[in-house]
Amino acid sequence: MLEVSVVIPNFNGIVFLDGVLGSLERQTITSYEVILVDNGSSDGSCTYAAENFPWVHIVELPENFGFCRAVNEGIGRSRAKYVVLLNNDIEVEENFLEEMTAAMKRHPKAFSCAAKMIQFYDRERLDDAGNYYCALGWAFARGKGKPIDAYEEEERIFASCAGAAIYRRKLFERIGNFDEEHFAYLEDMDIGYRARIYGYENWYAPKAKVYHVGSGTTGSRYNQFKTRYSSRNNVYLIYKNMPFLQILLNLPFLGAGFGIKFLFFAAKGMGREYLAGIKNGFQISKKGKKVPFSFKRLHHYGRIQVELWGNILRRFRG
């Protein structure tokens, strides 16, 4: 019986495959499978993986459908109780899968657990210690750039970064898979937020450690593609997960948050891309794909709202 399935989306990431697949080959547990979902790469990724890692299951998609479609294809083919999503530009420690599955077992209400992500080229600094969202409409990675021993406690977080996270597979059947409308960016915040609405939890598991290059597919932290899709998906995220009255409640905060972000990206010469993304976000929101509201979940919305306000302070305190 397989305990965990590992799904790795890949697009022209041949330079990273030795690192991610090689580190998975050295895991302390043996009851796992690895599924590499290739988004129409042209760099020979599939051939290389097949020749050098024949134990890996390879799913070849005809073109680049984005992160969400790729991981959904992998989740659909997975056979284990738990599913780990892993970016291709990551290397994991030998006990990574063991620690991730152990964390899920400790928290039966958990939808997901996030790994401790460490910067690949500066292994004394954190890359991500859990993801948060605040009433300003900002998603942020806790601990980015801080010393690796800054967050050693296992604790609840708002959502898990899908670059290195484990999920309870059966819950996808209840809350739905990753929303392919996102293509890429904030899709992990969306599904983590959705799980919270349904009453599930997301946890940070610091003993599960990975080393992350960062922007291995897009090539840089700030670029036009990422700026446009991030602002687009942020509008869609808010529309989709917040009931109308909650949007009105947060409107002053959201207006301030989006305004500050616009000024930030305008200073980097990408203000037009940011605004184009917002416009596109309103357009895709018209499709009406919204999480169904239920009075039975009102207390979940209340708890989330308190966190959204509290996370403003968390953001500025770092």
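UniProt positions are given here in the numbering of this structure, and its annotations may be inferred rather than shown by experiment. The exercises below concern a predicted model.

**Exercise 1. Locate the "transmembrane region" listed by UniProt and describe its secondary structure.**

Solution. Step one: the unreviewed UniProt entry places this feature at residues 244-264. Step two: in the model the span is 100% helix and 0% strand. Step three: the C-alpha atoms at its ends lie 28 Å apart.

**Exercise 2. Determine how helix H8 is oriented relative to helix H10, and identify the contact residues.**

Solution. Step one: H8 covers residues 244-267 and H10 covers residues 298-317; their axes come within 12 Å and cross at roughly 5 degrees. Step two: angles under 35 degrees count as roughly parallel, and H8 and H10 are therefore roughly parallel to each other. Step three: H8 contributes Gln246, Leu249, Asn250 and Phe253 to the contact, while H10 contributes Tyr301, Gln305, Leu308, Trp309 and Ile312. Step four: classified by type, this contact has 6 nonpolar, 3 polar and no charged residues.

**Exercise 3. Characterise the packing of helix H7 against helix H9.**

Solution. Step one: H7 (residues 224-241) and H9 (residues 271-285) pack at an angle of about 35 degrees, and their axes are 7 Å apart. Step two: the crossing of H7 past H9 is right-handed. Step three: on H7 the contact residues include Arg228, Arg232, Val235 and Tyr239, and on H9 they include Glu273, Gly277, Ile278 and Gly281. Step four: the contact of H7 with H9 comprises 8 nonpolar, 7 polar and 3 charged residues.

**Exercise 4. Explain why helix H3 is described as largely enclosed, and name elements that cover its buried residues.**

Solution. Step one: a residue counts as buried when its relative accessible area is under 20%. Step two: 8 of the 11 residues of H3 (residues 67-77) are buried, so this helix is largely enclosed by the rest of the structure. Step three: the buried residues are Phe67, Cys68, Ala70, Val71, Asn72, Glu73, Gly74 and Ile75. Step four: their cover includes strands S1 (4-10), S2 (32-39), S3 (57-61) and S4 (82-86), together with helices H5 (169-175) and H6 (187-197).

**Exercise 5. State how many residues of helix H6 are buried, and describe the residue Gly199 that follows the helix.**

Solution. Step one: 11 of the 11 residues of H6 are buried, so the helix is mostly covered. Step two: the buried residues include the charged Glu187, Asp188, Asp190, Arg194 and Arg196. Step three: Gly199, which follows H6, has a positive phi, near 95 degrees.

Note on methods: Residues numbered from 1 in each chain as written. Predicted model: local features only at pLDDT ≥ 70, side-chain atom pairs only at ≥ 80, totals over all residues. Heavy atoms only, no water. Axes fitted to C-alpha atoms, helices over the stretch in contact; angles between N-to-C directions. Helix = DSSP H or I, 4+ residues; strand = E, 2+ residues; numbered from the N terminus. Left-handed = near helix turned anticlockwise from the far one by under 90°. Contact = heavy atoms within 4.5 Å. Buried < 20%, exposed > 50% of the residue type's maximum accessible area, 1.4 Å probe, protein only. Parallel < 35°, antiparallel > 145°, perpendicular 65-115°, else oblique.
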